[in-house]
Amino acid sequence: LTLNDLLDIEGKIKIVRFISGMDGSPLKDFTPEANAVFIREFPKLKYIPFDQLAKETKQWVGDKYSLEIEMNDGSSRRITYNAMFAAFHPSSYATPELARLVEEQRKLIYAK
């Protein structure tokens, strides 16, 4: 089972951005290059039942970042990224490439 099997998002994602965990306001869109990689790789991630992921991540401890996936039809979906375990909710583990990409994009929020 992949995230696409669960969410039906392959080929439908327009843009990915970081949003505030406090109020949901947009912080920073992914760069076009990072966006393209995320769009290609995220739907392919293997789905893991949340109770299993919670156990493996010690109840999801660590720094968490809120992201919003905007779809081509204008709808959007919120996801969470846990930097300590390189894991997403809906529950899956990021590939090393995706984990690196999310971290690089996160740093751009604070770059001047």
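A polar contact here is a pair of N or O atoms within 3.5 Å, where, within protein, one atom must be able to donate a hydrogen and the other to accept it. With that in hand, welcome to a short tour of this predicted model. The tour has two stops: Asn-82, whose side chain reaches the backbone nitrogen of Phe-85 at 3.2 Å, and a set of aromatic rings that ring pairs link into a cluster.

- You will find Asn-82 in strand 4, which covers residues 76-82.
- Asn-82 has a relative accessible area of 0%, so it counts as buried, the cut-off being under 20%.
- Leaving aside residues up to four places away in sequence, Asn-82 touches Trp-60, Val-61, Gly-62, Asp-63, Lys-64 and Ala-87.

**The aromatic rings**

- Six aromatic pairs are present in the structure.
- One of them joins Phe-38 and Phe-42 in a stacked arrangement, with 4.8 Å centre to centre and 15° between the planes.
- Phe-38 and Phe-42 are both buried.
- Phe-38 also pairs with Phe-88, this time edge-to-face, at 6.0 Å centre to centre and 80° between the planes.
- Because Phe-38 sits in helix 2 (residues 32-41) and Phe-88 in strand 5 (residues 87-89), their pair ties together parts that are 50 residues apart in sequence.
- Phe-88 is buried, as is Phe-38.

**The cluster**

- The cluster linked by ring pairs consists of Phe-18, Phe-30, Phe-38, Phe-42, Tyr-81 and Phe-88.

Terms used: Residues numbered from 1 in each chain as written. Predicted model: local features only at pLDDT ≥ 70, side-chain atom pairs only at ≥ 80, totals over all residues. Heavy atoms only, no water. Helix = DSSP H or I, 4+ residues; strand = E, 2+ residues; numbered from the N terminus. Buried < 20%, exposed > 50% of the residue type's maximum accessible area, 1.4 Å probe, protein only. Contact = heavy atoms within 4.5 Å. Phe/Tyr/Trp six-rings, centres within 6.5 Å; stacked < 30°, edge-to-face > 60°.
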